[in-house]
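This briefing goes through one protein model, topic by topic, with the sequence and the coordinates at hand. Please keep the structure open while reading the points below.

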Amino acid sequence: MMSEFVGRAVLAAVAATVITAAGTSAPAAAAEPVLTLSSATGPSGGGVMITGTTAADGPFPAGTVPVVQFQFVGAGSTSCRATAQEVAQITASGTATTAGVLIVRPDTVKRLTAGKIAFEVPAGAYPELDGNGDPSTVNPDGLVLLDGQDSSRWNVCVYDTDSTTDSTLLATAVYTVAPRPVITSIIPAGSPAGGGQSITVNGSGFSTVVTGLSASIGGADLTGIKVAANGNSFTATTGPRAADTGLALVVTAPGGSVSSLDPDDNGLAQDGDDSTPDAPIPFSYSNSITITPNTGPVGGSVDIDVLGAGFEALDFTSGSPADGHAHVFLVKDAYDAAANRGVAECSVVVVISDNELICTLDLAAARLSAVDSSVLPDTTIAEGAYILTVVASGDPTAGPAADPTIISSGATFTVGPY
């Protein structure tokens with residue numbers, strides 16, 4: 001039965017027994033250099049290029065090209081064999097048979113220095129001549145996981161030749177295979193510019209059993225990432241970012257990276273049937289702010305802490321509420337550059353960072369009367385609910401260029417008898 005499986009390259013399931021070409025496992029060599037991999041984890045299916053580095057006086061002489069093999073870490077094989085192996089078999093509990101040795105394509109192995117090589121993780125079949133000069137297939141399935149497996153460990157074994165009897169083990173490393181991450185939904189798929197929005201990302205392949213997980217949206221890192229035990233979802237908090245739409249949420253997991261604009265992680269514009277387009281899951285940041293405090297007494301003065309994004313790009317050196325510089329206005333309902341410019345200006349603006357500014361709001365008298373005294377009387381601000389709004393330009397003719405922050409619960413300011 002075993003002969004019909006020789007040359008196959010599917011990853012083993014759980015506890016396994018390694019059978020070499022001779023039917024026995026060979027002892028591991030001692031004191032071989034450790035190979036530090038540029039990535040010690042990777043996606044099921046292989047195909048990624050990685051590097052391996054040892055000490056500066058490493059074991060890869062000039063003019064040579066090492067032989068690299070992936071040998072499964074099973075019950076009968078916890079380290080590299082002393083000599084190179086033929087493609088061998090692992091039988092797991094009598095229910096599945098998979099290759100215990102995968103041979104790295106020789107044409108992908110590059111000697112870079114005496115202590116550094118580069119190679120491709122086995123990605124599938126490549127042709128090779130058998131002993132009779134006829135074509136044969138090596139690694140037909142690549143480095144893949146079986147159904148139900150969330151990870152699997154392999155030894156990376158570097159030899160001086162492919163001889164199964166007199167090759168020398170030059171260096172070793174451990175490589176862990178994990179499923180490629182996939183995104184199925186983001187709830188909610190939006191955040192205020194100031195960040196702080198709690199979101200849930202659903203999908204698969206998010207397990208942190210091997211390494212940690214990181215994610216970002218449009219270059220803004222997510223924080224407080226908590227991954228579900230089954231690896232099918234995680235929660236996180238958005239960071240601050242300038243308002244934009246169509247942004248990609250990118251997740252980097254042990255099995256690779258996935259973008260919400262290609263959520264099934266196939267790298268294609270269409271699914272396998274070439275007829276149904278992928279459904280991107282874009283993320284949006286709204287042009288909104290959050291303010292603290294959000295109340296003030298009639299006729300009083302209060303310093304407001306404003307959180308948002310993009311403040312460092314704005315010029316708040318204003319001479320008049322109607323000039324083309326940036327302003328912070330207190331507005332009754334939505335801001336309109338021509339018709340509803342607000343009831344007061346939050347002046348003396350100090351930009352703390354791109355995501356925070358502080359301004360002083362004087363509720364005793366409107367500061368916009370210079371624009372149009374008939375619309376903006378120079379009187380005490382009446383009790384009621386208002387919206388604090390940051391605009392890029394105070395020019396009444398600015399139109400869309402004013403770019404006012406949107407109405408949101410976080411920007412509401414109430415004047416009352418406090």
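A residue is called buried when its relative accessible area is under 20%, exposed when that area is over 50%, and partly exposed in between. With a relative accessibility of 31%, Ile-358 therefore counts as partly exposed. The model discussed here is predicted, and the protein in it has 33 strands and zero helices.

**Overall composition**

- Among the 418 residues of the protein, 43% count as buried.
- The protein exposes about 18400 Å², and 54% of this area is supplied by carbon and sulfur atoms.
- Of the contacts in the protein with a separation of 6 or more, 66% are accounted for by residues 24 or more positions apart.

- Leu-361, when residues up to four places away in sequence are not counted, touches Gly-300, Ser-301, Val-302, Ile-304, Leu-330, Ala-344, Glu-345, Cys-346 and Phe-413.

- Ser-393 lies in the loop that runs between β32 (384–391) and β33 (412–416).
- Is Ser-393 buried or exposed? Its relative accessibility is 10%, so Ser-393 counts as buried.
- The side chain of Ser-393 reaches the backbone nitrogen of Asp-395 at a distance of 3.3 Å.
- Once neighbours within four places in sequence are left aside, the residues in contact with Ser-393 are Asp-323, Gly-324, His-325, Ala-326, Tyr-335, Ala-398, Ala-401 and Ala-402.

**Charged residues**

- The structure holds one salt bridge, in which the side chains of Asp-107 and Arg-105 meet at 3.2 Å, N to O.
- Both partners are classed by their accessibility: Asp-107, with a relative accessible area of 47%, is partly exposed, and Arg-105, at 27% relative accessibility, counts as partly exposed.
- Asp-278 has its place in the loop between β24 (256–259) and β25 (283–286), and its relative accessibility of 12% is why Asp-278 counts as buried.
- Asp-278 and Asp-265 are 13 residues apart along the chain, and their C-alpha atoms are separated by 9.9 Å.

**Backbone geometry**

- As background for the points that follow, most peptide bonds are trans, and most residues other than glycine have a negative phi.
- Ile-187 and Pro-188 are joined by a cis peptide bond with an omega of about -15°, and Pro-188 is placed in the loop between β15 (182–187) and β16 (190–192).
- Another cis peptide bond, with an omega of about -5°, joins Thr-292 and Pro-293, where Pro-293 has its place in the loop between β26 (290–292) and β27 (295–297).
- Asp-333, a residue other than glycine, has a positive phi near 70°; Asp-333 is found in the loop between β29 and β30, and with 52% relative accessibility it counts as exposed.
- Asp-403, which is not a glycine, has a positive phi of about 45°; this residue is found in the loop between β32 and β33, and its relative accessible area of 44% makes Asp-403 partly exposed.

Terms used:
Residues are numbered from 1 along each chain as its sequence is written. This is a predicted model: local features need pLDDT of at least 70, side-chain atom pairs count only at pLDDT 80 or more; totals for chains, interfaces and linings use all residues. Side-chain values use heavy atoms; hydrogens and water are left out. Helices (H or I, at least four residues) and strands (E, at least two) are DSSP runs, numbered from the N terminus. Buried means under 20% relative accessible area, exposed over 50%, partly exposed in between (1.4 Å probe, protein chains only). A polar contact is a pair of N or O atoms within 3.5 Å; within protein, one must be able to donate a hydrogen and the other to accept it, and residues adjacent in sequence count only if both atoms are side-chain atoms. Contact means heavy atoms within 4.5 Å. Accessible areas come from the Shrake-Rupley method with a 1.4 Å probe; for residues, only the protein chains shown count as cover. A salt bridge is a side-chain nitrogen of Lys or Arg within 4 Å of a carboxyl oxygen of Asp or Glu.
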